[in-house]
Amino acid sequence: MTERPRAIDAPPSGSYEEMLQVVEEMDSPVGYRAELIRGKIVVSPGPKPCYLRVMRSLRLQLGPHAPEGYGVDVAPFLFAFHGSGRAYGPDLHVADESAFEADGRHADASALSLVAELTSDSTKDVDWLDKMATYGQIVPVYLLLDMRIGEINVMWDPSPKGYRSRTNVPFGRPVRIPAPFDFALDTSEFVVEEYVDPEAEQR
């Protein structure tokens, strides 16, 4: 496997449900995840080990502010976006726990109240384009952490045309997470070793 997302062979005329079943039954290598993107099955590298601290901080901060009956988890789990023919396994999700009571290997995306993706050079195109367009129609809050430049982007207020509102701050500054969470997220722990401040290099 490579460090970049890779499309794999799938049934050429398979329906969405058939392709979703293939994704669910795939035995992806350790550290990789399979998703259904733009009608193709794509295997991508998961978060780097150096991102663990960031994901833990997100989970611990979001937990007390999650809606009642919703859980925060970083375990890779597949969410199906039936209307758009996608199925994603976000880096972190906040979802209605009742969605996991059914006997299946994926949950419906309508259960999500927040998703977070920690993007790097290998995944930024999907996270910024395909996922933002899809999340922006149904998921109340999308956190996109750009680990290369050290910045968190907060998108909210979904609509058929995508998110109506967006803000961003560099790591180290607090950022407001909108309803249904409504609190200031501390990003002081989000800087990782791979991030280099361009301004610092010029000084």
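**Reading the model**

Mentor: At 47% relative accessibility, R38 counts as partly exposed. Keep in mind that the model is a predicted one.

Trainee: Which side chain does R38 meet in a salt bridge?

Mentor: The general idea comes before the case. Side chains of opposite charge can pair when their charged atoms come close. Here, the side chain of R38 meets that of D130 in a salt bridge, at 3.5 Å from N to O. This pair links distant parts of the chain, since D130 lies in helix α3 and R38 in the loop between β2 and β3, 92 residues apart.

Trainee: Is D130 buried or exposed?

Mentor: Buried means under 20% relative accessible area. D130 has 6% relative accessibility, so D130 counts as buried.

Trainee: How many salt bridges does the structure hold?

Mentor: It holds 10 salt bridges. One of them joins the side chains of R33 and D91, at 2.7 Å from N to O. R33 is in strand β2 and D91 is in the loop between β6 and β7, 58 residues apart. Both R33 and D91 are buried. They also belong to a network of salt bridges that links R33, E35, D91, E117, D127 and K131.

Trainee: What is the case of R164 and D157?

Mentor: Their side chains meet in a salt bridge at 3.0 Å, N to O. R164 counts as exposed because its relative accessibility is 54%, while D157 is partly exposed, with a relative accessible area of 33%.

Trainee: Now the strands. In what order do the six strands of the open sheet stand?

Mentor: The order here is β4-β7-β9-β10-β11-β12, with mixed pairing. β4 (70-73) and β12 (165-170) stand at the edges with a single partner strand each, so one side of each has no neighbour in the sheet. On average, neighbouring strands of this sheet are turned by 15° against each other, direction ignored.

Trainee: In what sense do β11 and β12 pair?

Mentor: β11 (residues 151-156) pairs with β12 in the antiparallel sense, over six bridges. For E151, the bridge partner in β12 is P170.

Trainee: Which helix packs on the sheet?

Mentor: Helix α3 (residues 124-135) does, touching β9, β10, β11 and β12. The direction of α3 makes about 165° with that of β9.

Trainee: Which residues of α3 are buried?

Mentor: They are V126, D127, D130, K131, T134 and Y135. Seen down the axis of α3, these buried residues fall within an arc of 125°, so they line one face of the helix. Among the elements that cover them are β2, β5, β6, β9 and β10.

Trainee: Let us end with the nonpolar residues. Which members of the largest nonpolar core touch the most other members?

Mentor: L58, L145 and I177 do, in a core of 27 residues. The elements giving two or more residues to this core are α2, β7, β9, β10, β11, β13 and β14. The largest share, four residues, comes from α2.

Trainee: What is L58 in contact with, leaving aside its neighbours within four places in sequence?

Mentor: L58 is in contact with L92, A116, L118, L143, L145, L185 and F190. There is also a second, separate core of 18 residues, and I37, V139, Y142 and M155 are among them.

Note on methods. Residues numbered from 1 in each chain as written. Predicted model: local features only at pLDDT ≥ 70, side-chain atom pairs only at ≥ 80, totals over all residues. Heavy atoms only, no water. Pairing = 2+ DSSP bridges. Axes fitted to C-alpha atoms, helices over the stretch in contact; angles between N-to-C directions. Contact = heavy atoms within 4.5 Å. Buried < 20%, exposed > 50% of the residue type's maximum accessible area, 1.4 Å probe, protein only. Arc of directions from axis to C-beta. Salt bridge = Lys/Arg side-chain N within 4 Å of Asp/Glu carboxyl O. Core = buried A, V, L, I, M, F, W, Y, C linked by side-chain atoms within 4.5 Å.
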